[in-house]
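The following note sets out some points on the architecture of this chain. Please read it alongside the sequence and the coordinates.

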Amino acid sequence: MSLPKISEAEYEVMKVIWKHAPISTNEVVGQLADQCDWSPKTIHTLLKRLVDKKALTYEKEGRVFVYTPVIKEDDYISEQSASFLSRYFDGDFGAMMMQFVEQGKLSEQDIAELHMALDKKQNSGEE
């Protein structure tokens with residue numbers, strides 16, 4: 001299944017919905033008001049676009065719209081990561097990691113998390 005293309009602004013809305021779903025329009029506006037300077041009308045427009053793109057679904061409960069994601073956050077992030085890797089590093093994960101290492105873009109915590117993930121993968125015997 002191909003996932004819809006989501007803009008950066010739409011992604012910010014999706015992050016709130018993934019974290020709090022099911023969530024009402026007013027709750028989405030409230031959550032984003034703490035993070036962005038968007039008007040409620042802008043947020044309503046973004047919600048409509050995400051419904052049109054089939055990234056979200058909604059139910060009307062009385063006078064309130066309640067949103068639920070159609071796409072999973074992990075699926076979206078995986079597809080975006082693969083697209084990024086393919087576009088900028090010809091699919092070569094090692095080249096991407098070397099770029100981060102050489103540019104000093106990895107913190108000590110990033111390195112520790114990578115070690116833990118690699119150890120876990122190695123110890124699970126997965127190929």
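**Notes on the predicted model**

1. Classed by residue type, the lining of the largest pocket comprises 8 nonpolar residues, 1 polar residue and no charged residues. The model is a predicted one, and the points below should be read accordingly.

2. The residues that line the largest pocket are Phe93, Met97, Val101, Leu106, Ile111, Leu114, His115, Ala117 and Leu118. The space in this pocket amounts to about 180 Å³. Two helices, α5 (93-102) and α6 (108-124), each contribute at least two residues to the lining. The largest share comes from α6, with 5 residues.

3. Helix α5 also packs against helix α4 (residues 73-89), at an angle of about 80° and with the axes 9 Å apart. Angles of 65 to 115 degrees count as roughly perpendicular, and α4 and α5 are therefore roughly perpendicular to each other. On the α4 side, the contact is made by Phe84, Leu85 and Phe89, and on the α5 side by Phe93, Ala95, Met96 and Gln99. By class, this contact has 6 nonpolar residues, 1 polar residue and no charged residues. Phe93 belongs to the contact with α4 and is also one of the residues that line the largest pocket.

4. Turning to the sheet, 3 strands form an open arrangement in the order β1-β3-β2, with antiparallel pairing. β1 (23-24) and β2 (56-61) stand at the edges with a single partner strand each, so one side of each lacks a neighbour in the sheet. Helix α1 (residues 8-20) packs on the sheet and touches β1, β2 and β3, its direction making about 90° with that of β3.

5. How many bridges join β2 to β3? There are 6 bridges between β2 and strand β3 (residues 64-69), and the two strands run antiparallel. β1 is joined to β3 by 2 bridges, and this pair is likewise antiparallel.

6. Val66 of β3 has a place in both pairings: Val66 is the bridge partner of Glu59, and Ser24 stands opposite Val66.

7. Which residue takes a positive phi in the hairpin of β2 and β3? The residue is Gly62, with a phi near 70°, in a hairpin that has 2 residues between the strands.

Key:
Residues numbered from 1 in each chain as written. Predicted model: local features only at pLDDT ≥ 70, side-chain atom pairs only at ≥ 80, totals over all residues. Heavy atoms only, no water. Pairing = 2+ DSSP bridges. Helix = DSSP H or I, 4+ residues; strand = E, 2+ residues; numbered from the N terminus. Contact = heavy atoms within 4.5 Å. Axes fitted to C-alpha atoms, helices over the stretch in contact; angles between N-to-C directions. 1 Å grid on protein atoms, 1.4 Å probe; cavity = no way out; pocket = protein on both sides within 12 Å on 5 of 7 lines; lining within 4 Å. Points joined across faces, edges and corners; volume = space filled by probe spheres on them. Nonpolar A, V, L, I, M, F, W, Y, C, P; charged D, E, K, R; others polar. Parallel < 35°, antiparallel > 145°, perpendicular 65-115°, else oblique.
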